Amino acid sequence: MFEHFFQCPYCWEEISMLLDPSVGRQTYVEDCEVCCNPIELTPEFEANELIGFGARDIEQ
């Protein structure tokens, strides 16, 4: 697992999530550990290295 720190698009707090580098492109939803709002995460890995990451609110 890969720990990645980023800013929540709702409360702007820095949070971390564990990402699975065994899947190249992923899209899934997890709740913020601070404000509990759902965040759409889109990590992208290549050769077990994070090459792209997106975190957006799903209310847009």
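I start with a cut-off: a residue counts as buried under 20% relative accessible area, as exposed over 50%, and as partly exposed in between. The model I am reading is predicted.

I looked up E44 and found a relative accessible area of 26%, so E44 is partly exposed. Its side chain meets that of R25 in a salt bridge, at 3.3 Å from N to O. E44 sits in strand β5 (residues 44–46) and R25 in the loop between β2 (14–19) and β3, so the pair ties together parts 19 residues apart in sequence. R25 itself counts as exposed, at 67% relative accessibility.

**Entry 2, the sheet.** Next I traced an open sheet of 3 strands, in the order β3-β4-β7, with antiparallel pairing. I noted β3 (28–31) and β7 (55–57) as the edge strands, each pairing on one side only. Neighbouring strands here are turned by 40 degrees against each other on average, direction ignored.

Which residue in β7 stands opposite E40? I found R56 there. R56 and E40 also form a salt bridge, with the closest N and O atoms 3.0 Å apart. This pair links parts of the chain 16 residues apart. I list R56 as partly exposed, at 37% relative accessibility.

**Tally.** The structure holds 2 salt bridges.

Methods:
Residues are numbered from 1 along each chain as its sequence is written. This is a predicted model: local features need pLDDT of at least 70, side-chain atom pairs count only at pLDDT 80 or more; totals for chains, interfaces and linings use all residues. Side-chain values use heavy atoms; hydrogens and water are left out. Two strands pair if DSSP finds at least two bridges between them. Helices (H or I, at least four residues) and strands (E, at least two) are DSSP runs, numbered from the N terminus. Axes are lines fitted to C-alpha atoms, for helices over the stretch in contact, and angles run from 0 to 180 degrees between N-to-C directions. A salt bridge is a side-chain nitrogen of Lys or Arg within 4 Å of a carboxyl oxygen of Asp or Glu. Buried means under 20% relative accessible area, exposed over 50%, partly exposed in between (1.4 Å probe, protein chains only).
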